[in-house]
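Work through the exercises below with the sequence and the model side by side. Each task is followed by a solution in steps.

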Amino acid sequence: MHETDPRARLTRRFREVNGDHPMTGADDTYVSTQFVVLDELCADRARDGDEVRRLMLEGRLPLPGYLRSDGAEMVPADLFALADEAGGVDRLEAWFTGHWADPAIGRAEWAAYLSGQYVCLRSVTPATIRRKEHLTAEIGAAEGEPDAGSVAWLRRLHARIDELDLLEPEFTTYDRLRFGGPTSRDTCVTAMRARFPLRVDRT
């Protein structure tokens, strides 16, 4: 039978994108703290929840970031902010992709944005997406810099790590399942701080 209920269709689409992984109690608590229930956000903004679900299914707004274990569709509180800045949902794609000089990169970032998987940022905007990519690339390449291991290098590395730390949330066990391994916070923040602790000059 053809599925017409937007909520059921959105749940199905979410699992097609993310896989079917369990949410723990800790995951639910984290998500409830960091995100809002779609219907509650729609009520606050005087929007029809099913219409927003249809926009998500049509690839015009991003999918929810999480499905809580009770089935609630969890979205960022600023879900509509980029569409508002762009001048409406109909203008969002062109506005968003226009932040990249290479149209192919813009389209790829748009697809990633629509997946709802940019839960790696506290606030998802073209600027924060680009900054995160820049920082993770610099942190990943830091060991190959000519002055690697020096005090100046260590301070520079930790400045990058600290900036990334401010951009990224903590993530969940569920995230590590759906992404198939450690997150960028695991590799670029936690692991790098452990490997290269910032020495305190006591002189």
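**Exercise 1. The chain as a whole**

How many helices and strands does the secondary structure of the chain come to?

Solution. The model is predicted, so local features need pLDDT of at least 70 and side-chain atom pairs count only at pLDDT 80 or more, while totals for chains, interfaces and linings use all residues. Residues are numbered from 1 along each chain as its sequence is written, and side-chain values use heavy atoms, with hydrogens and water left out.

Step 1. There are 11 helices and 3 strands, taken as DSSP runs numbered from the N terminus (helices: H or I, at least four residues; strands: E, at least two).

Step 2. Read from the N terminus, the order is α-α-β-α-α-β-β-α-α-α-α-α-α-α.

Step 3. The chain has 203 residues, of which 42% count as buried (buried is under 20% relative accessible area, exposed over 50%, partly exposed in between, with a 1.4 Å probe and protein chains only).

Step 4. The C-alpha trace spans about 70 × 40 × 30 Å along its principal axes.

**Exercise 2. Arg-53 and the packing of H1 with H4**

Locate Arg-53, then describe the helix contact to which Arg-53 belongs.

Step 1. Arg-53 is part of helix H4, residues 49-57. Its relative accessibility is 1%, so Arg-53 counts as buried.

Step 2. Contact means heavy atoms within 4.5 Å. With neighbours within four places in sequence left aside, Arg-53 touches Pro-6, Arg-7, Leu-10, Leu-38, Asp-39 and Glu-73.

Step 3. The axes of helix H1 (residues 6-18) and H4 come within 9 Å and cross at roughly 35° (axes are lines fitted to C-alpha atoms, for helices over the stretch in contact; angles run from 0 to 180 degrees between N-to-C directions).

Step 4. The crossing of H1 and H4 is left-handed, that is, the near helix is turned anticlockwise from the far one by less than a right angle; clockwise would be right-handed.

Step 5. On the H1 side the contact has Pro-6, Arg-7, Arg-9, Leu-10 and Arg-13; on the H4 side, Asp-50, Arg-53, Arg-54, Met-56 and Leu-57. These residues divide into 4 nonpolar, no polar and 6 charged (nonpolar: Ala, Val, Leu, Ile, Met, Phe, Trp, Tyr, Cys and Pro; charged: Asp, Glu, Lys and Arg; polar: the others, Gly among them).

**Exercise 3. Aromatic rings**

What is the count of aromatic pairs?

Step 1. Rings of Phe, Tyr and Trp (its six-membered ring) pair if their centres lie within 6.5 Å; planes under 30 degrees apart count as stacked, over 60 as edge-to-face and the rest as tilted. The count comes to 7 aromatic pairs.

Step 2. Tyr-66 and Tyr-174 make a tilted pair, 6.0 Å centre to centre with 55° between the planes. Tyr-66 lies in strand E2 (residues 66-67) and Tyr-174 in helix H10 (residues 173-178), so the pair ties together parts 108 residues apart in sequence. Both Tyr-66 and Tyr-174 are buried.

Step 3. Phe-96 and Trp-100 have ring centres 5.3 Å apart and planes at 35°, so this pair is tilted. Phe-96, Trp-100, Trp-110 and Tyr-113 form one aromatic cluster.

Step 4. The charged end of Arg-178 sits over the ring of Tyr-66, 4.8 Å from its centre, and Arg-47 lies over the face of Phe-80, at 4.1 Å from the ring centre (NZ of Lys or CZ of Arg within 6 Å of the ring centre and within 35 degrees of the ring normal).
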